[in-house]
Amino acid sequence: MMMRIALLGAGAMGTIIGAYLTKAGYDVELVDNYKAHVDALNEKGAHIVGFVDEIIPVKAVYDDGLTGKYDLVISLTKQTTMKEALEKAVPFMHDETIIMTLQNGIPEDIAAEIVGMDRVVGGGMEFSGTFVEPGVSKLASGKETLGISFGRPDGKITEKTLEIQKMFLDALGHCQLTENLRGVRYTKLTDNSCFSGLATALGCLVGDILDNRKAMECIAYTGMEAAKVIQALGVKPVELFGLCPTPDRVCFETKEELDKVIAYWTEVYTPFRQQKASMLQDLSKGRICEINQINGKFVQDGKKVSVPTPFNEKIVELVTKIQNGETKLEDAWNNLDAFEIPTL
């Protein structure tokens, strides 16, 4: 029997995933609290633009419109509202309902509070999306980037995880089932901390960072901090869309090594030049973003393992000032001056 699926948080990424799951023939309801967006999805379908241009009929409901029981709940709300959204969905889960966390950061513990860790799978998305307007989301990276990597926190491969993998293979064309979810999570956390965190602090697109030497030096130092924290935690990162934050790839001591690291980051992120970070999208709409769950997570972990994280700390500080209204978003590029690049 085909799974009945509720996708909580139909923003840019959720709309794209939900639309392609629906197109592949799966029973999906896109759930969101943005009335104009829900109405547009139902009336006109999900319009995916950018590297593709197609309209896919979908079923969308408001966050108080869940009915019956769902076999799979895909969680794509912000971590700041994740627990509340999942608790509202509990009456519509049965004893074997799986929660799949696809948020940024490391949100599996929140889902486990609701259903227990044995009914949680988590993963990272390998493509980029931007919300354009109600009913319209932009695929901001090539169609070949469509895919996810996911797994159980305990690493087990089960009949249910294989069923979920097949579903995403049908819908997106790529789905890696991993036995190392922590590795997936920390690779994705590095991705978000570098090109989402810095792009939000500077109020810019990925391409603007790629074109600026000092910004790329900030990326290099932020990524090196992440790699050192990951190594100290004993986590083995995995490769996602070409990124694998291991010391041999992203750490450096000389200018020549720094140049090589910058070349590595540039090669990996060139396909994502048009990406607008979800945290920046949040700030643009006057919403609280997930900076404390992204760069702030590396700051927190760094303190636990005695690894300094000054660049991640600076990004948290600058984004928080924008969020609090102390810095205007249109002036955020000037925040680049706040970073002190060590002399090598």
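I count a residue as buried under 20% relative accessible area, as exposed over 50%, and as partly exposed in between. The model I am reading is predicted.

**Entry 1: R287**

I looked up R287 with that scale in hand. Its relative accessible area is 43%, so R287 is partly exposed. I find R287 in the loop between α11 and α12. Setting aside neighbours within four places in sequence, I list D282 and Q323 as the contacts of R287. I also checked R287 against D71: 216 residues separate the two along the chain, and their C-alpha atoms are 31 Å apart.

**Entry 2: helix α12**

How many of the 10 residues of α12 are buried? I get 7, and I note α12 as mostly covered. The buried ones are N295, G296, K297, F298, V299, D301 and G302. Against which helices do the buried residues of α12 pack? I find α6, α8, α11 and α13. After α12 comes S306, with a positive phi near 60°.

**Entry 3: E225**

I went to helix α8, residues 213-233, where E225 is placed. E225 is buried but has no salt bridge. Which side chain of opposite charge is nearest to E225? It is K228, 8.5 Å away. Not counting residues up to four places away in sequence, E225 touches V307, P308, T309, P310, F311 and N312.

**Entry 4: aromatic pairs**

I searched the whole structure for aromatic pairs and got 12. Y221 and F311 are both buried.

Next I took Y269 and F272. Their ring centres are 6.0 Å apart with planes at 55°, so this pair is tilted. Y269 has 1% relative accessibility, and F272 has a relative accessible area of 4%. Y269 is therefore buried, and F272 is buried as well. Ring pairs join Y269 and F272 with F195, F241, Y264 and W265 in a cluster.

I also looked at a charge over a ring. The charged end of R4 sits over the ring of Y70, 4.1 Å from the ring centre.

**Entry 5: nonpolar cores**

In soluble globular proteins, nonpolar side chains tend to be buried together. The largest nonpolar core here has 60 residues. Which residues have the most contacts inside this core? I find F195, L198, I209, W265 and Y269. The elements giving two or more residues to this core are α6 (181-202), α7 (206-210), α8, α10 (255-269), α11 (278-284), α12 (295-304) and α13. Helix α8 gives the most, with 11 residues.

I then listed the contacts of Y269, leaving aside neighbours within four places in sequence: D191, F195, V206, L210, F241 and L243. There is a second, separate core of 41 residues, and A10, M13, A19 and L21 are among them.

Note on methods:
Residues are numbered from 1 along each chain as its sequence is written. This is a predicted model: local features need pLDDT of at least 70, side-chain atom pairs count only at pLDDT 80 or more; totals for chains, interfaces and linings use all residues. Side-chain values use heavy atoms; hydrogens and water are left out. Helices (H or I, at least four residues) and strands (E, at least two) are DSSP runs, numbered from the N terminus. Buried means under 20% relative accessible area, exposed over 50%, partly exposed in between (1.4 Å probe, protein chains only). Lys and Arg count as positive and Asp and Glu as negative; His and the chain ends are not counted. A salt bridge is a side-chain nitrogen of Lys or Arg within 4 Å of a carboxyl oxygen of Asp or Glu. Contact means heavy atoms within 4.5 Å. Rings of Phe, Tyr and Trp (its six-membered ring) pair if their centres lie within 6.5 Å; planes under 30 degrees apart count as stacked, over 60 as edge-to-face and the rest as tilted. A charge sits over a ring if NZ of Lys or CZ of Arg is within 6 Å of the ring centre and within 35 degrees of the ring normal. A nonpolar core is a set of buried Ala, Val, Leu, Ile, Met, Phe, Trp, Tyr and Cys residues joined through side-chain atoms within 4.5 Å.
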